[in-house]
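Try each task before reading its solution.

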Amino acid sequence: MRPHLITRGDRFGAPVRNGADTRWMTEREIEQAYRARFENRRRGGKDLGDLYTVAVEALDAHEAWLVAVARPERTVDGAKRLTAEDAMEWAEAAESRYRARGFFVMNSVLHNQLAEVVGEVRPRPGLRSQIFTVENGNGIGVRVSTHDSGAVTLAIQLGSQCIAKTSDGTVWTDPEDVFASQLEAAAATLAALVEAQAAERGWPPTALGLGVGIEWDGPQPLQIFDSRPRDKPRDGAGSELSRYRPISASWLLDAEGRLAREHVIDLALDLLNQAGIRGVTYLLDK
């Protein structure tokens, strides 16, 4: 129960319906309702942190990885034990949302990865979840999961990317290299996954908590470039970060399961600004 405080005449309180009748909540009921609401938020924050930790534990952080988790701030209807078929329908809806969303990331490998999840990969069961894993010989790794609770997780390998194949061999980025185009693409991909979750489960307007970070345990600092991987500067000089601070944010889905464009841009800006990059470049309208 969420108390809604109003003023009626000389009275200030929280009305509550009881069948066809309406009565005023007592002070004790209002206290209990707010206590339950705050406890739900606290527990939701802990659950979000646990999701992030589990996602990180599944990775090999010898390359830089972006990890993103999103979870409804309150329990929503439609929670159920997911099957592989449920997860595949969700992934297909996410790929479709990415195409139709109005975002386009130039030369984004992430869209191809999402399409590969839809077309070729069957999920495996996890703990109250279904997990997709895509890996190929070009240093591209992606883990995407949908959870019975409505949460989604996304993990994307950023470092050690193949950027060219020449007669002299394959050219790779360094394990600690991160590029602006990858961060912008990640924001758009997470939006597609979340919107698909809402659409598949028929959610009402829903607030989501987000946790996003870059994980890297190598000896060198992260190098973050204002470019695409294939446009890495010849001198290899990017913004150095010894540690990337995890980002917390909230998104609000409307009644049609859509995010405001500003939510996605704001997340991309948070990801970029921490590295001293002023604004989005690759995240453009179609």
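**Exercise 1.** Are Glu195 and Arg97 buried or exposed?

Solution. This is a predicted model. Apply the cut-off: buried means under 20% relative accessible area. Both Glu195 and Arg97 are buried.

**Exercise 2.** What do the side chains of Glu195 and Arg97 form, and which helices hold the two residues?

Solution. Start with the contact. The two side chains meet in a salt bridge, at 3.8 Å from N to O. Next, place the residues. Glu195 sits in helix α4 (residues 180-201), while Arg97 belongs to helix α2 (residues 84-100), so the bridge ties together parts that lie 98 residues apart in sequence.

**Exercise 3.** Which residue forms a salt bridge with Arg71, and where in the chain do the partners lie?

Solution. The partner is Asp47. The closest N and O atoms of Arg71 and Asp47 are 3.1 Å apart. Arg71 is in strand β5 (residues 65-72) and Asp47 in helix α1 (residues 27-57). The pair is 24 residues apart and links distant parts of the chain.

Now classify each partner. Arg71 has 17% relative accessibility, so Arg71 counts as buried. Asp47 has 25%, so Asp47 counts as partly exposed.

**Exercise 4.** Which residue forms a salt bridge with Asp86?

Solution. Asp86 pairs with Lys80. Their closest N and O atoms are 3.6 Å apart. Check the cut-off: a salt bridge needs the atoms within 4 Å. Lys80 has a relative accessible area of 46%, so Lys80 is partly exposed.

**Exercise 5.** How many salt bridges does the structure hold?

Solution. The structure holds four salt bridges. Among them is the pair Arg71 and Asp47.

Terms used. Residues numbered from 1 in each chain as written. Predicted model: local features only at pLDDT ≥ 70, side-chain atom pairs only at ≥ 80, totals over all residues. Heavy atoms only, no water. Helix = DSSP H or I, 4+ residues; strand = E, 2+ residues; numbered from the N terminus. Buried < 20%, exposed > 50% of the residue type's maximum accessible area, 1.4 Å probe, protein only.
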